[in-house]
Amino acid sequence: MSFAETHGTVLAFDLGLKRTGVASGELSIGIAHPLTVIQAGSSEERLIAIARLVAEWRPVLLVLGLPTHADGSEHEMTRVAKNFARKLESRFNLPVFLVDERHTSTAAESELHARGIHGKKNKALLDAVAAQLILQGFFDARLTA
């Protein structure tokens, strides 16, 4: 993972077929924050919503969670995510980094439960917190690289 920039906003995404979690962070600080959840039924609707976020936040790069089986092998959503990463790169002319997202949804759910957030409130935040964990993993990997 190499990227010369040391500062600037980063947006990260936990891609889902119906909901996509979004997180933001600053390269120089290396701390991720949950931002929002995009409700979209199609890839194009999702890209339109992301375009609004890109215009508002002006990120220097994008991070996308890469789903795989627990053993790291690919499945259908892995291919969907890789295809979506190519769309993000070409549409926004920004570097897109794929980050292993194994266990992020489980970790996000545990974190919300620990904070006393359950039920519908949990569902509304889960994807954004998963995106936060994906982005934090990206930041942490930069520190150890």
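**Sheet and helix packing in the predicted model**

Strand β4 (residues 61-66) pairs with β5 in the parallel sense over 5 bridges, where pairing requires that DSSP finds at least two bridges between two strands. Strands (E, at least two residues) and helices (H or I, at least four) are DSSP runs numbered from the N terminus. Within this pair, Val63 is opposite Phe97 of β5. The structure is a predicted model, in which local features need pLDDT of at least 70 and side-chain atom pairs count only at pLDDT 80 or more, whereas totals for chains, interfaces and linings use all residues. Residues are numbered from 1 along each chain as its sequence is written, and side-chain values use heavy atoms, with hydrogens and water left out.

The two strands belong to an open sheet of 5 strands with mixed pairing and the order β3-β2-β1-β4-β5. Strands β3 (31-39) and β5 (96-100) are at the edges and have a single partner strand each, so one side of each lacks a neighbour in the sheet. From one strand to the next, the twist averages 25°.

Helix α1 (residues 43-57) packs on the sheet and touches β1 (9-14), β2 (19-26) and β3, contact being defined as heavy atoms within 4.5 Å. The direction of α1 makes about 140° with that of β3; axes are lines fitted to C-alpha atoms, for helices over the stretch in contact, and angles run from 0 to 180 degrees between N-to-C directions. At 1.5 Å a residue, the 15 residues of α1 should span 21 Å, which agrees with the 21 Å between its end C-alpha atoms. The expected span is 1.5 Å times one less than the number of residues.

Arg46, Leu47, Ala49, Ile50, Leu53 and Val54 are the buried residues of α1 (buried, under 20% relative accessible area; exposed, over 50%; partly exposed, in between; 1.4 Å probe, protein chains only). They cover an arc of only 165° around the axis and therefore lie on the same side of α1, the arc being that of the directions from the helix axis to the C-beta atoms. These buried residues pack against β1, β2, β3 and α2. Arg52 and Glu56, on the other side of α1, are exposed. Arg58 follows α1 and has a positive phi, near 50°.

Helix α2 (residues 76-92) lies across β1, β4 and β5 and runs at about 170° to β4. Thr78 is located in α2 and is buried, with a relative accessible area of 0%. Leaving aside residues up to four places away in sequence, Thr78 touches Leu66, Pro67 and Thr68.
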